[in-house]
Amino acid sequence: MTDMERPADGHSSAFLPTAKLQTLIDHLIDDGFQVVGPTVDQGAIIYDEIRSIQDLPRGWTDRQEPGRYRLERRNDDACFGFVVGPHSWKRFLFPPMAAVATADRVDAAWVMRTPTDDPPRYAFLGVRACELAAIDVQDRVFLRGPYVDPIYKKRREAMFIIAVNCTQAAATCFCTSMQTGPRCKSGFDLALTEIHDGFLVETGSEAGAALADRLPISSATQDQLEAAEAARRQAGDQITKTLDTTDIRNLLLGNLEHPRWEDVSRRCLSCTNCTMVCPTCFCSSVVEVADLTGDHVERRRQWDSCFNVDFSYMHGGIVRNDIRSRYRQWLTHKLASWHDQFGTSGCVGCGRCITWCPVGIDLTEEVAAIRGKPVVEITLTRGNTQDESPAARDGAAFPPEEGSGSCEA
Amino acid sequence: MTKHDLDCPENADRRIGPGLLESCGPRTGHINANTVFQPEVLRCLNCASRHTFFRFQKLSSEKTPEVVRIAEMTVTASEAILSRPAKVTDDQHTTEAPTAFELLRTIRLLDELPNRLLAKLAPMASVECAAAKVVLFKEGALCDRVFFVIDGIVALDMYVPQRDPTRILTVGGGELLAWSAVLSDQRMTATATVLDDARFIALAAQPLRQLCDADHEIGFAFMRCMASALSRRLLATRLQLLDLFAEPQPI
Amino acid sequence: MRGVTALDAPTGCDPANPWLAFPAVVDDVVDEIPGVATYRIRIQDHDAARRFQFRPGQFNMLYLPGLGEVAISVSGDPASPSPLPHTIREAGNVTQALARMGSGATMGLRGPFGSSWPVHECDGKDIVLVAGGIGLAPLRPVIYTLLANRRRFGALTLLYGARTPDDLLYTREVGDWTNQGLAVQATVDRATRVWNGHVRPHPGSGQFRFLAKGDKGAWSGHVGVVTLLLERLPLTRPEKTILMTCGPEVMMWYTIQAAQRRGLSQTNLWMSLERNMNCAIGLCGHCQFGPEFICKDGPVFRYDRIAPFLKVKSL
């Protein structure tokens, strides 16, 4: 079990040669873990079961831009020389499909059961700082509310985390703005920083320290420490994207009728990609799956998305019946309401939603547009505004005043 | 109690004699400064239901009530009575009954009028009572008074050919009736039927309009109250129009 | 700021395993108005049934395996929670199937969920309940609770609006409620001739102003939206009056505006909201309304908490 409270042991770092990474993997497998790590598949770096360091995307890197993701060859053999891909660790902790209950008809009555849940004990190899933050965010959702999800809990408690400090950043990364990275500070068992011939190893928990003791590590030399420091700093230096989070909760919830929502809705396809790749999105639906007799029913929870049209369906109609209101729901939830609900932002700055949006919508730009031109300003400059949306031209509807009386004729 | 016999409204072949009437107490003093008639609610002991009769008494200078007539209250009856005002001096004015001013002050939609402006309306105000089933005014007919309901319930019905009369609204205490008398061409847009014994303050439309034209301060303030009442009525009508219960409703 | 949460509720589904439903059975079905019936549902395990407690305003997820779950407010008396009455309108797959199955139907029940009406704040106060249509069902537990301890409260009033006289719920009980000290006024949007449907008003429902004259029933009561009843209601102590309202969102909004104009305090106005409910435990995301999860922060909300979001279109 990862101890989220213990900070990284930054001083006495150990060094593990690249080839000995296999030992780490072997120990984990011997200890009964299923090791999950990055690997190349269908032109992307995804997370899947691995057994060997040869399964890792050695020598590969990713080039990411809004709406674009390509793998490219590196000129070295680095094991973790890339950022994040379309998968996140939520697909293991919060599986896309899971049976939450069963019902069997026995003598005209229904017997409800909790299905046996026997997941593997996962060891995640290669968890980035933003992803550690995302796991913490989902812990708040699934473990620290009034109701606990037993499926998440079981997987989470058995988990072992080997984090990896990023040594580069993608054009879509903005973890620094969300204060989630690029440095892994806590929430892991072990953390690795890759340099040219191996890894600096930090322990973050007793379980991590115990495993480190079994590894052929040596004390890091000064050169190695400095190389690791330089590599980590490079990640921070390469970040170009920013998101101004000043008072963002009030900014977004106070601008629910901003013309920018109309503007983004003309670009957004409501395709749900962003919610699928986002490491914190947790929307789901429980559906009934019955066998042919109808006597055995499984209640299956599967990933859903607030972008799906019928997500907000209520007898008689759909509450969010246009893309504008669905995009607004997603973004205000992610960046604003999440604070009210869970005491933190829902965004960890990983940039996946920007990369994997087919039309390249960048939420940092959407927020900047709302921040740069709050509603009051639009009123004063109506007709002169650069914003071409009809709402701005005709006068946008403004957030309602509190306690306002009956509507005017 | 009375020198007149009355027909019982429930049973036309029954005559109600004096022993068969029971006083339910005076409803209000009739407080037009010029008239002294005091309506009183009486109950017919013959019937299971209550009927309201009004005993109009002229207060003579000796202060002994002399019954003038008893009639079931109708608009015509009250007009007949009101059209024969008699002078009264202050010491004949009954102190038990609330004054026009006091009753006007209870009307919520006139709350915004300060006392000194409200006092200007008092002279043209009269208090009326009407029993259940009395028709105050008919759709399409002329009415020269605007009514504020003090208490009771009045139903507004509109007639569409080939349909039963449609009840569009019921109006209760503090609310406005016959606004067309003062705002429009005096033609009523609905038929008003009393459901529960009701009391009103009626303002005569002609003097009221003249007052508003002559004194813009009271005119503006009064019209603002009317506009506010009508805007609330409009909202209520819109909510009815929305037919909020028609679709499947959330629990 | 909000009613009591499910966390404080004594019992019901297990917070550590909230997906599991209790097997339950429909004891009986009472037709209320066209399309609406009250199902009294009993949890089959005696211990679980005995432990089950709910607060006024809370709801259960009723589960028909193979069809799905539906969120229904408990409309019974919290003091006698077994069986549990649920007043249900036939609307979608699950409720239509339930209506076809009727008494004896076996099902699953998860609950109770959600926040509750603030009955614990009502001592010594005047209470006004404003209900619209089937919105009277989630308020009925409040009525039972207040009437059971009538002397602790000031004036109790129910203002109830429905589409037509045929659509007034619980006409059987209104006489009892009035006798026990609840002043009841009813109004309808349209006064269509009564007894067009299969429901007949009961003698005790005189307070609802049905006129029982032969077969040609008529409605002699109020016509118009229920907010008008609130505007006319004499309030002796508006600052000590608590208002709870449930019904269509538009109706609740204008009720609240009228209440504020009458001098009620924003912190004494409560309403019950609804959104798509899937898990009822705050984990699926469907029921969000702004930052609120209707299933666990609501469905009962104090007005000032959600006021900024109520008039935002398509939120």
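User: What makes the span of H6(B) close to the expected one?

Analyst: In this predicted model, H6(B) has 27 residues and reaches 38 Å from its first C-alpha to its last.

User: Which residues of H6(B) are buried, and what covers them?

Analyst: The buried residues of H6(B) are Ile218(B), Ala221(B), Phe222(B), Leu235(B), Ala236(B), Leu239(B) and Gln240(B). A residue is called buried if 20 or more other C-beta atoms lie within 10 Å of its own. The cover over these residues comes from two chains: it includes helix H3 (115-121) and helix H5 (205-214) of chain B, together with helix H5 (226-232) and helix H6 (249-261) of chain C. An α-helix has 3.6 residues a turn, so residues three or four places apart point the same way. After H6(B) comes Asp243(B), with a positive phi near 50 degrees.

User: How do you know that H6(B) matters to the count on the side of chain B that touches chain C?

Analyst: H6(B) gives the most to that side, with five residues. The contact as a whole joins 24 residues of chain B to 27 residues of chain C. On the chain B side, the elements that give two or more residues are strand E9 (145-158), strand E10 (166-171) and helix H6 (216-242). By class, this side of chain B divides into 15 nonpolar, six polar and three charged residues.

User: What does the contact between chain A and chain C consist of?

Analyst: Chain A contributes 48 residues and chain C contributes 44 residues. Among the elements of chain A that give two or more residues to this side are helix H3 (129-142), strand E14 (296-303) and helix H11 (323-342). The chain A side has 26 nonpolar, 15 polar and seven charged residues.

User: Why is strand E9 of chain A called largely enclosed?

Analyst: Five of the five residues of strand E9 (residues 160-164) of chain A are buried, so the strand is largely enclosed by the rest of the structure. Both faces are covered: Phe160(A), Ile162(A) and Val164(A) are buried on one side, and Ile161(A) and Ala163(A) are buried on the other. In a regular strand the side chains alternate between the two faces of the sheet.

User: How do you know that E9(A) pairs with strand E8 and with strand E10 of chain A?

Analyst: Pairing requires at least two bridges between the strands. Strand E8 (residues 121-127) and E9(A) have four bridges and run parallel, with Ala123(A) bridged to Phe160(A). Three bridges join E9(A) to strand E10 (residues 190-195), also in the parallel sense, and there Val164(A) has Leu192(A) as its bridge partner. Both pairings therefore meet the requirement of at least two bridges.

User: Why is strand E4 of chain C called largely enclosed, and what pairs with it?

Analyst: Five of the six residues of strand E4 (residues 68-73) of chain C are buried, so the rest of the structure largely encloses this strand. Strand E3 (residues 59-64) of chain C pairs with E4(C) in the antiparallel sense over six bridges, and Leu62(C) stands opposite Val70(C). E3(C) and E4(C) form a hairpin with three residues between them, and Gly66(C) in the turn has a positive phi of about 95 degrees.

User: Why does Ile294(C) count as buried, and which residues does it contact beyond its neighbours in sequence?

Analyst: Burial needs 20 or more C-beta neighbours within 10 Å; Ile294(C) has 27 inside 10 Å and therefore counts as buried. Ile294(C) is found in the loop between strand E16 (292-293) and strand E17 (300-302) of chain C. Leaving aside neighbours within four places in sequence, Ile294(C) is in contact with Leu273(C), Glu274(C), Arg275(C), Cys287(C), Phe289(C) and Pro299(C). Between Ile294(C) and Arg275(C) there are 6.7 Å in space, C-alpha to C-alpha, although they are 19 residues apart in sequence.

Conventions
Residues are numbered from 1 along each chain as its sequence is written. Chains are lettered from A and ligands numbered from 1 in the order in which they are written. This is a predicted model: local features need pLDDT of at least 70, side-chain atom pairs count only at pLDDT 80 or more; totals for chains, interfaces and linings use all residues. Two residues are in contact if their C-beta atoms, placed from the backbone, lie within 7 Å. Ala, Val, Leu, Ile, Met, Phe, Trp, Tyr, Cys and Pro count as nonpolar, Asp, Glu, Lys and Arg as charged, and the others, Gly among them, as polar. A residue is buried if 20 or more other C-beta atoms lie within 10 Å of its own, exposed if 12 or fewer, and partly exposed in between; C-beta atoms are placed from the backbone. The expected span of a helix is 1.5 Å times one less than its number of residues.
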